[in-house]
Amino acid sequence: MDNPVPPPAAPAGPRRRDRHGRGMRGPVAPPQVPLAASRAEVFADLVQDSVERLERRWPQLADIDFMVLEVPLLEGSGDGWSDEAVPLGGTIAAREGRPARVVVYRRPVEIRTKGRDERAALVHEIVVEQVAELLGLTPETVDPRYGED
């Protein structure tokens, strides 16, 4: 065994099978199956569903951008959280050619909810409250079912 034989060179081109002959591994589920959707995508869909529900009643919402951010940003540099609760959403007024924006913070909402239905209800409440703030209306005016369980 003084002169070991080098292994054969790998063939050029894409590999079609693994070493056990079973083929290359693929995704667990096809992209159209809900398993393939990330939590962030599912959450964004909840926000979009809520917006579409409100747009039927308020067509002017088409001029507002709706965003999902992971967590709220800290105000200023080096400031810690205040004693106030972590916000679940917020608004940014229109300015300099930019449309008004409604922001929903994903992680604080996920932490406060247990299931998809509870999360969807909370997301809708947040969207209604933020839209009401932008339009200068009460949440009950924006969505008559606001506050109902």
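Biologist: How do H1 and H3 sit relative to each other, oblique or parallel?
Modeller: H1 and H3 are oblique to each other in this predicted model.

Biologist: Why oblique? What is the angle?
Modeller: H1 and H3 pack at about 50 degrees. Angles under 35 degrees would count as roughly parallel, and 65 to 115 as roughly perpendicular, so this pair is oblique. Their axes are 9 Å apart.

Biologist: Left-handed or right-handed crossing?
Modeller: The crossing of H1 and H3 is right-handed.

Biologist: Which residues meet there?
Modeller: From H1, Val 42, Phe 43, Leu 46, Val 47, Ser 50, Val 51, Arg 53 and Leu 54. They meet Arg 116, Arg 119, Ala 120, Val 123, His 124, Val 127, Val 128 and Val 131 of H3.

Biologist: And by class?
Modeller: Eleven nonpolar, two polar and three charged residues make up the contact of H1 with H3.

Biologist: Which elements give two or more residues to its lining?
Modeller: Helix H1 (39–55) and helix H3 (116–135). H3 gives the largest share, six residues.

Biologist: How many residues line that pocket, and which lie nearest the centre?
Modeller: The lining has 16 residues. Nearest the centre are Arg 53, Ala 120, Ala 121, His 124 and Glu 125. Arg 53, Ala 120 and His 124 also take part in the contact of H1 with H3.

Biologist: What classes are in the lining?
Modeller: Seven charged, six nonpolar and three polar residues line the second largest pocket.

Notes:
Residues are numbered from 1 along each chain as its sequence is written. This is a predicted model: local features need pLDDT of at least 70, side-chain atom pairs count only at pLDDT 80 or more; totals for chains, interfaces and linings use all residues. Side-chain values use heavy atoms; hydrogens and water are left out. On a 1 Å grid over the protein atoms alone, a cavity is a set of points where a 1.4 Å probe fits but cannot get out, and a pocket is an open set with protein on both sides within 12 Å along at least five of seven lines; lining residues have an atom within 4 Å of a point. Helices (H or I, at least four residues) and strands (E, at least two) are DSSP runs, numbered from the N terminus. Ala, Val, Leu, Ile, Met, Phe, Trp, Tyr, Cys and Pro count as nonpolar, Asp, Glu, Lys and Arg as charged, and the others, Gly among them, as polar. Axes are lines fitted to C-alpha atoms, for helices over the stretch in contact, and angles run from 0 to 180 degrees between N-to-C directions. Angles under 35 degrees count as roughly parallel, over 145 as roughly antiparallel, 65 to 115 as roughly perpendicular and the rest as oblique. A crossing is left-handed if the near helix is turned anticlockwise from the far one by less than a right angle, and right-handed if clockwise. Contact means heavy atoms within 4.5 Å.
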